[in-house]
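This report goes through selected features of one structure. The sequence and the coordinates come first, and the description follows.

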Amino acid sequence: MTANQYPSFESGQTLTAADLNLVREFAHARDRLIGRMTGFGVNCGLGGTVAGGTLTIRPGLAVDQLGEPLVLPAEQQIALAPPAMPLAYDFVDAAPGGFSVVLEATDAAQPAPDCGEDGCAGHATLHTVGVALRTVAGRVTGTRTDFSTDDLLTAEPIRLALDSEPTNSYTALRDAVADRLTNGTQPLVDPDLIAELRATSIADNDPPGTKGYKSGWLNMVLFATLDLLRARALLQAGCDRPTARPGVVLGWLHQVGGAWEFDCSYRHAWEPPRGLTESAFGGSCGNPLARLQDELEALLAGYAPPDPVPQGGVVPPVYCPRGSVLVRGKCVNIYYPPVDVPATWSDNWKIHPRDPIGYPPFEPKWKKPWTIYETAGWDFFEDGVIGATDYLGRKADAVKGALQTFIAGRGGAADVQVVAAGAAATMPGYLPSGGFSPSDTIVLTADATGNVIATGRVPAVRTTRNVGAALPAAVSAATEAKNAATELRGLAATVTGRIDRAETDFAGLEGDLTALRGEFQSYKGGAFDTSGFGVRIATVEGQLKQFDEVQRRVSGVEGRVDVLVRTGGVKTIDRSLGKGIGEFARATVGAMQTLPNAQDPAFQKAVAAAEKARITLESALEAGNPQLVNEATLALLGTVRTMVKASGAAEEHGRRLDEQLRNLGGLFT
């Protein structure tokens with residue numbers, strides 16, 4: 001009998017030791033089978049920390065390659081340096097050095113007690129299952145198919161100069177992708193589409209915009225092919241994990257600068273079973289890779305490079321779904337390559353031993369090539385994407401007018417620049433592009449006859465980040481205004497006798513805020529553009545010093561007066577500070593209206609809301625209604641927070657503003 005057989009008992013039968021052991025073996029085999037169906041690796045806990053000369057492994061659960069459950073019930077300590085045990089695991093490579101800590105199952109048999117009964121031939125041997133920690137030389141090699149050796153990962157994506165000229169071989173990349181898709185005698189996609197791919201090329205007389213499209217399209221075909229190949233590698237792993245000696249690696253112990261470190265990224269991270277991987281790709285019935293193959297074939301079939309059109313009317317711009325570009329009636333996300341492609345671009349597809357499999361196992365990379373290029377993506381302000389490839393060959397001034405009209409009709413104000421050939425390359429942040437968002441700076445390159453020969457953009461995200469770096473004072477001031485309210489809390493009991501002594505300080509604070517407004521208004525009078533960025537840094541540094549002085553005055557007042565007074569039984573903002581907040585908001589709004597992205601619809605809406613809230617606060621202060629003052633103050637600071645976030649300030653400033661606004665709201669309760 002085998003482990004998948006079990007006996008059935010009836011009265012009067014002879015019951016043997018073999019029968020009983022078969023029941024045990026059958027139950028154990030079924031338990032292991034269920035274990036393999038749940039997954040493999042570290043399921044819970046089992047982390048490690050190094051302190052002094054000791055490595056401590058925390059309790060936890062794991063399942064080994066055979067499906068055996070491994071339970072470490074309590075902490076265990078390993079003295080450093082550990083001995084290298086004379087054990088061999090086929091998933092540990094000794095070459096990297098250090099030690100792997102392996103958890104493996106144990107089965108200890110206790111001697112059977114003496115048999116003292118008449119006719120007794122012996123008692124059953126008692127077994128105790130448990131776990132043990134082993135330290136073996138080397139590091140885990142991984143449990144999945146290693147995709148990092150695929151030849152296509154050594155291919156070179158097309159790079160594009162700022163004038164939209166490819167700087168490396170289109171033909172070499174095209175042939176490498178086509179050969180890999182051919183896959184010997186088992187093509188990965190429709191052979192007719194592979195033949196059409198081989199027929200593509202870049203001609204010397206192609207306009208720059210056409211060369212940019214072809215380069216971007218071929219790179220995206222490369223990326224989509226790698227998506228498909230990586231998925232195939234994940235699905236090639238068998239349902240079982242055969243190994244000569246089972247065990248689960250918990251981490252890699254090694255020395256860095258003479259100190260011991262435990263790196264748990266080199267462990268058998270939890271892997272759900274293959275069935276879950278297949279279902280994430282589209283199901284185990286039929287072809288789990290069908291979705292990725294369909295996307296790749298659609299990309300190949302959608303190849304439609306723009307050709308210059310005869311002089312004529314301008315085709316109105318049309319929005320595609322978010323993140324897409326309209327190309328010959330089809331929305332295809334063709335993103336042009338940058339000047340430099342990171343040397344680590346292929347790491348996006350490599351399966352590293354330390355990388356856990358997420359579910360879905362991965363998001364296709366080809367749809368967001370800017371994440372591979374590490375450049376600014378489209379649609380930063382979520383205002384859509386406009387296709388640009390239909391403009392090649394048309395009159396640049398007419399295209400500019402059509403874009404301005406189209407964007408204005410949707411509540412925006414377009415920044416469209418027409419430049420001569422070669423001029424775009426001198427624009428900081430310029431990227432060749434087959435599409436742009438309304439909030440981008442749209443760049444049309446025209447030839448000597450005024451016809452568009454290339455398109456590009458200065459991404460909105462770059463502009464807003466520059467402004468966020470150039471105007472930290474705007475964020476700092478909003479923070480300090482609400483910090484004052486938070487830090488001065490709890491002093492209401494002493495306010496009655498100390499208001500007079502604080503009047504001078506508040507007057508000085510109000511004067512500082514008024515002076516600050518003047519600084520902002522002076523700043524507003526200048527033309528903020530990319531070329532003047534460096535010139536205005538000195539002005540911004542001066543403003544930062546002014547904010548430091550404001551902060552010093554607020555700190556000086558905090559020990560003597562509360563920002564809250566009680567009017568008609570309701571706690572409310574002190575009138576002087578309320579006016580100061582209003583003045584600050586006025587100055588901030590004025591400064592924000594001078595920013596390069598001031599014409600963006602979303603940003604305009606935030607600025608308008610802040611200005612409206614400021615006026616409401618002024619009215620509430622004049623009316624003297626404490627409840628209205630409280631509501632108006634919170635509303636104003638909330639709109640200022642939204643406006644600062646929309647300006648492109650760093651995320652941490654937005655988080656601080658959120659926290660401080662909540663604190664201020666708590667003062668009124």
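C115 counts as partly exposed because its relative accessibility is 27%, where buried means under 20% relative accessible area, exposed over 50%, and partly exposed in between (1.4 Å probe, protein chains only). This is a predicted model, in which local features need pLDDT of at least 70 and side-chain atom pairs count only at pLDDT 80 or more, while totals for chains, interfaces and linings use all residues. Residues are numbered from 1 along each chain as its sequence is written, and side-chain values use heavy atoms, with hydrogens and water left out.

C115 is bonded to C120 in a disulfide, with 1.5 Å between the sulfur atoms; the term stands for a pair of cysteine sulfur atoms within 2.5 Å. The structure holds one disulfide.

| Cysteine | Relative accessibility | Class |
|---|---|---|
| C115 | 27% | partly exposed |
| C120 | 28% | partly exposed |
| C44 | 44% | partly exposed |
| C264 | 40% | partly exposed |

The largest nonpolar core has 52 residues, and L181, W217, L226, L299 and L300 have the most contacts inside it. Such a core is a set of buried Ala, Val, Leu, Ile, Met, Phe, Trp, Tyr and Cys residues joined through side-chain atoms within 4.5 Å. Two or more of its residues come from each of α2 (170–182), α3 (191–198), α4 (208–235), α6 (290–301) and α7 (369–373). Helices (H or I, at least four residues) and strands (E, at least two) are DSSP runs, numbered from the N terminus. With 15 residues, α4 gives the largest share of this core. Apart from this core lies another, of 19 residues, among them A62, L80, V131 and L250.

Leaving out residues up to four places away in sequence, L181 touches P187, L188, V189, I194, L197, T225, L296 and L300, contact meaning heavy atoms within 4.5 Å.

Which residues of α6 are buried? They are L292, Q293, E295, L296, L299 and L300. Seen down the helix axis, these buried residues of α6 fall within an arc of 160°, so they line one face; the arc is that of the directions from the axis to the C-beta atoms. The buried residues of α6 pack against α2, α3, α4 and α5 (274–281).

Finally, T441 is found in strand β20 (residues 441–446). T441 counts as buried because its relative accessibility is 12%. Beyond neighbours within four places in sequence, T441 is in contact with D415, Q417, G456, R457 and V458.
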